[in-house]
Amino acid sequence: MKDIFQLRTAGALASVPKRNKISWNSTNPYNKRWQYKWKHAYYTYPKENHEHTYVKKPEDSKEGTPLFWYYWQDLFLRTWPSLKCFWERRHRMYDNFSLYFLPGVSVFMLQFTHLTPGFTILGALPWFLLYTRIRDKTLDPDLKETYLRDMLYSNKEISELFKEETIHVIDYDLEYDKGFPDAEKFPEYKNKLYRFFNTDTSMCTGFFKFGDVESGATMTLSMKTMPVPGPFRYQVGEPFYFYDLRAHIHHNGTYKEVVLVNENEVLKNLRPFLFLI
């Protein structure tokens, strides 16, 4: 009976990863680096969660994980970065609508909760809207990298040095621009109603740094994005439209700049879209 019980237990343990495996697989060749190939990269954590810069001895490793190890690792590696993201972009929430109007409406409605439960619901709705605004305004900018890659590979000067099979990402950064731009260049943002709901323009500035393992060339791709209108009057077309895109290429001691999108030409025909709520 003991042997049978051990066999059943071993069989159950062997089938657990199969039933509980959470994986994501994409056929898109541009997003391979976001594909989780190891189990511990998604739903569990190793015993020592730091960079292995040297080969350790067996006695240097812990025999077992501390109490609540996976709970704390999940908190520090997944929950805490999200909260840190909210905190670092908190300046985007310092508009009059979020700071004064929504809390004021909630306090006003909650004064009449003794009359009917409906006022309790009306007092809670502004806080749900505030949470939604905080969530949407503090998330990382999500640009269309597939469209960006197509622009790179369709350019003759860039495609000679950077191939889809050998290019890799060295560094990346994209952040929302603080405040409002020059009024002469973007007169749309002088709108008082827009400034009541926003503290910035939702424009972004950032860069990609690429390298090619065969040609040895490196490229810093500086970019600027802005939201643009869609086919209808009150519809956004693309929230991260590239209105300026320049590639700075270094190869064998030579430097070359390739202008993929010139903002002076784009802004003549396309103007930014203004988000309100």
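**Salt bridges and exposure in a predicted model**

User: How many salt bridges does the structure contain?
Analyst: The count comes to 14 salt bridges. The structure is a predicted model.

User: What makes the pair D140 and R89 a salt bridge?
Analyst: The cut-off for a side-chain nitrogen of Lys or Arg and a carboxyl oxygen of Asp or Glu is 4 Å. The side chains of D140 and R89 meet with 2.8 Å from N to O, and therefore the pair qualifies. The partners belong to distant parts of the chain, 51 residues apart. D140 is in the loop between helix 4 (117–138) and helix 5 (145–153), whereas R89 is in the loop between helix 2 (69–88) and helix 3 (96–110).

User: Why is D140 called exposed?
Analyst: Exposed means over 50% relative accessible area. D140 has 53%, and it is therefore exposed.

User: Is R89 buried or exposed, and what makes it so?
Analyst: Buried means under 20%. R89 has a relative accessible area of 6%, so it is buried.

User: How do you know that D200 and R92 form a salt bridge?
Analyst: Their closest N and O atoms are 2.7 Å apart, and this value therefore falls within the limit of 4 Å. The pair links parts of the chain that are 108 residues apart. D200 lies in the loop between helix 7 (192–197) and strand 2 (204–212), and R92 in the loop between helix 2 and helix 3. Both D200 and R92 are buried.

User: What makes E157 and K256 a salt bridge?
Analyst: The distance from N to O is 3.8 Å, which is within 4 Å, and the pair is therefore counted.

User: Which residues form a negative surface patch, and why is it called negative?
Analyst: The patch is formed by D150, E164, E165 and E214. It is called negative because Asp and Glu count as negative.

User: Why is E165 called exposed, and where does it lie?
Analyst: E165 has a relative accessible area of 68%, which is over 50%, and is therefore exposed. E165 is located in the loop between helix 6 (156–159) and strand 1 (167–176).

User: Why is D173 called partly exposed?
Analyst: D173, a residue of strand 1, has a relative accessible area of 37%, and so falls between the limits of 20% and 50%.

User: Which residues is D173 in contact with, leaving aside neighbours within four places in sequence?
Analyst: D173 is in contact with G206, F207 and M223. As for K209, its C-alpha atom is separated from that of D173 by 9.1 Å, with the two residues 36 apart along the chain.

User: How many helices and strands are there, and what share of the residues is buried?
Analyst: The protein has eight helices and five strands. Buried residues account for 30% of its 277 residues.

How values were computed:
Residues numbered from 1 in each chain as written. Predicted model: local features only at pLDDT ≥ 70, side-chain atom pairs only at ≥ 80, totals over all residues. Heavy atoms only, no water. Patch = residues over 30% accessible without salt bridge, like charges linked within 9 Å, V, L, I, M, F, W, Y side chains within 5 Å. Areas by Shrake-Rupley, 256 points an atom, 1.4 Å probe, with all protein chains shown as cover. Charge placed at Lys NZ, Arg CZ, Asp CG, Glu CD. Helix = DSSP H or I, 4+ residues; strand = E, 2+ residues; numbered from the N terminus. Buried < 20%, exposed > 50% of the residue type's maximum accessible area, 1.4 Å probe, protein only. Contact = heavy atoms within 4.5 Å.
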